[in-house]
Amino acid sequence: QFGMRNALQPDRLTVKLRGSAGQSLGAFAAPGLKLEVSGDANDYVGKGLSGGRVVVRAPHEFRGDTSQNIIVGNTVLYGAIEGEAFFNGVAGERFAVRNSGSIAVVEGTGDHGCEYMTGGTIVVLGKTGRNFAAGMSGGIAYVYDEDGLFEKRCNTSMASLEKVLSSSEQITAMPKSAWHAPVNVKEGGERQTDEQIVKTLIERHFRYTGSERAKALLADWERSRTRFVKVLPTEYKRALGELWERAQGQLGKEKSVTV
């Protein structure tokens with residue numbers, strides 16, 4: 001069993017479900033496992049997610065606006081450490097609380113989203129509730145600020161809000177030491193521009209869920225990008241620079257040994 005992590009390729013085991021899932025769907029899901037639900041799910045989806053992939057999408061016969069409808073319950077991705085999740089609708093309260101490494105796309109959240117988050121990457125394609133990012137010390141969230149009021153709903157005591165620059169602008173204006181990596185930098189994740197991260201994850205969200213919201217944002221990407229806000233924890237911003245210096249120092253030592 002200890003060798004399963006290396007033996008299973010992504011989505012090697014796929015479970016397709018239809019209807020309403022109960023609590024803790026995909027809790028502690030391991031690498032190689034994909035759970036795909038056509039319907040909705042209750043609280044604690046992806047609790048302790050540990051490398052698996054969870055997809056919850058609206059049924060094909062659904063005709064409403066997914067960005068206005070709840071599809072998963074409260075405390076989704078609680079304590080997740082690795083893996084991915086794509087939710088074709090709105091999540092309840094405390095989405096991604098204590099997330100430390102998972103990647104997720106959701107079309108809206110309730111109150112207290114990304115509370116005490118310490119790592120990972122979250123993309124929100126719609127409105128959030130109040131007190132977003134309270135106690136958030138790591139990772140990054142990208143929020144589509146459609147009504148321009150996200151700043152009032154975000155807790156900025158430990159995080160700052162920045163624009164999502166185009167890749168060309170970021171390459172020119174921001175040192176790579178300040179760039180984020182979708183997979184945790186501490187684990188050797190490749191640093192990418194914010195535009196690259198957000199657009200790629202929205203494309204994957206569309207691929208896995210068929211989201212009309214994602215489709216519309218991608219169709220008018222140049223305009224859509226300017227409406228995204230980057231939630232950057234102050235502590236994480238400092239850590240990014242330190243990790244970069246440490247990595248460069250290690251690289252210099254390796255080169256010296258090689259020579």
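The model is predicted: local features require pLDDT of at least 70 and side-chain atom pairs pLDDT 80 or more, whereas totals for chains, interfaces and linings use all residues. Residues are numbered from 1 along each chain as its sequence is written, and side-chain values use heavy atoms, leaving out hydrogens and water.

Leu77 is located in the loop between strand 4 (70-72) and strand 5 (82-87); strands are DSSP runs of E with at least two residues, numbered from the N terminus. Leu77 counts as buried because its relative accessibility is 1%, the limit being under 20% relative accessible area with a 1.4 Å probe, protein chains only. Its C-alpha lies 6.6 Å from that of Phe95, 18 residues away in sequence. Beyond four places in sequence, Leu77 touches residues including Val45, Phe87, Phe95 and Ala104, a contact being heavy atoms within 4.5 Å.

In strand 7 (residues 100-106), 6 of 7 residues are buried.

| Pair | Sense | Bridges | Bridge partners |
|---|---|---|---|
| Strand 5 and strand 7 | parallel | 4 bridges | Phe86 and Val105 |
| Strand 7 and strand 8 (residues 118-124) | parallel | 5 bridges | Val105 and Val123 |

A nonpolar core is a set of buried Ala, Val, Leu, Ile, Met, Phe, Trp, Tyr and Cys residues joined through side-chain atoms within 4.5 Å. The largest has 36 residues, of which Phe87, Phe95, Phe132 and Val231 touch the most other members. Strand 2 (33-41) is among the strands that each supply at least two residues of this core, and strand 2 gives the most, with 3 residues. Another core, of 22 residues, lies apart from it and includes Tyr142 and Trp221.

Key: Buried < 20%, exposed > 50% of the residue type's maximum accessible area, 1.4 Å probe, protein only. Pairing = 2+ DSSP bridges.
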